[in-house]
Amino acid sequence: IMGSEGYLINQFLVSKTNQRTDEYGGDSFANRMRLAVEIVTETRKACGLDFIIIFRLSMLDLVKDGSSWEEIKTLAQVLENAGVTIINTG
């Protein structure tokens with residue numbers, strides 16, 4: 001699952017590119033990471049426990065005011081809990 005810089009999932013994660021005011025946006029990182037978590041949760045549900053899910057995550061956001069290190073760590077932990085097998089970094 002491609003969640004690194006410049007791709008749609010990452011655009012939801014970063015407050016600079018996510019200007020939504022619904023449950024997928026705003027100042028809350030929990031809201032901004034909701035799409036990524038839902039994608040992983042539904043993929044795990046559809047594919048089962050024996051399927052390897054790899055999520056590519058930006059470790060260094062090259063956008064000014066991009067994701068903080070705390071947000072990146074939080075996202076990685078939440079994605080693991082949601083069913084990611086491997087986190088690949090870019």
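Lys 16 counts as partly exposed, at 45% relative accessibility, where buried means under 20% relative accessible area, exposed over 50%, and partly exposed in between, computed with a 1.4 Å probe on protein chains only. The model is a predicted one, in which local features need pLDDT of at least 70 and side-chain atom pairs count only at pLDDT 80 or more, whereas totals for chains, interfaces and linings use all residues. Residues are numbered from 1 along each chain as its sequence is written, and side-chain values use heavy atoms, with hydrogens and water left out.

Lys 16 is placed in the loop between H1 and H2; helices (H or I, at least four residues) and strands (E, at least two) are DSSP runs, numbered from the N terminus. Not counting residues up to four places away in sequence, Lys 16 touches Val 63, Lys 64 and Asp 65, a contact being heavy atoms within 4.5 Å. From Lys 16 to Val 37 the separation is 21 residues in sequence and 19 Å in space, C-alpha to C-alpha.

Another loop residue, Ser 4, lies between S1 and H1 and is buried, with a relative accessible area of 3%. Beyond its neighbours within four places in sequence, Ser 4 is in contact with Asn 10, Arg 56, Leu 57 and Ser 58. Leu 57 also belongs to the sheet, as the bridge partner in S2 of Gly 3. The sheet is open and has three strands in the order S1-S2-S3, with parallel pairing, and its edge strands are S1 (2-3) and S3, each of which pairs on one side only. Two strands are taken to pair if DSSP finds at least two bridges between them, and S1 and S2 pair in the parallel sense over two bridges.

Leu 35, Ala 36, Val 37, Val 40 and Arg 44 are the buried residues of H3, and they pack against H1, H2, S2 and H4. After H3 comes Gly 48, whose phi is positive, near 85°.

H4 likewise has 14 residues and reaches 20 Å from its first C-alpha to its last, close to the 20 Å expected at 1.5 Å a residue. Its buried residues are Glu 71, Ile 72, Leu 75, Ala 76, Leu 79 and Ala 82. Because they cover an arc of only 135° around the axis, they lie on the same side of H4, the arc being that of the directions from the helix axis to the C-beta atoms. On the other side of H4, Glu 70, Gln 77, Glu 80 and Asn 81 are exposed. The cover over the buried residues of H4 includes H1, H2, H3, S2 and strand S3 (86-89). Just after H4, Gly 83 takes a positive phi of about 130°.

In soluble globular proteins, nonpolar side chains tend to be buried together. Leaving aside neighbours within four places in sequence, Leu 79 is in contact with Ala 36, Val 37, Val 40, Phe 55 and Val 84.

Charged pairs complete the picture, with four salt bridges found in a search of the whole structure; a salt bridge is a side-chain nitrogen of Lys or Arg within 4 Å of a carboxyl oxygen of Asp or Glu. One of them joins Glu 71 and Arg 32, whose closest N and O atoms are 2.7 Å apart. Since Glu 71 lies in helix H4 (residues 69-82) and Arg 32 in helix H2 (residues 29-32), the pair ties together parts that are 39 residues apart in sequence. Both Glu 71 and Arg 32 are buried. Another salt bridge, between the side chains of Lys 73 and Glu 70, has an N to O distance of 3.2 Å, and these two residues, being three residues apart in helix H4, are separated by about one helical turn.

Key
The expected span of a helix is 1.5 Å times one less than its number of residues.
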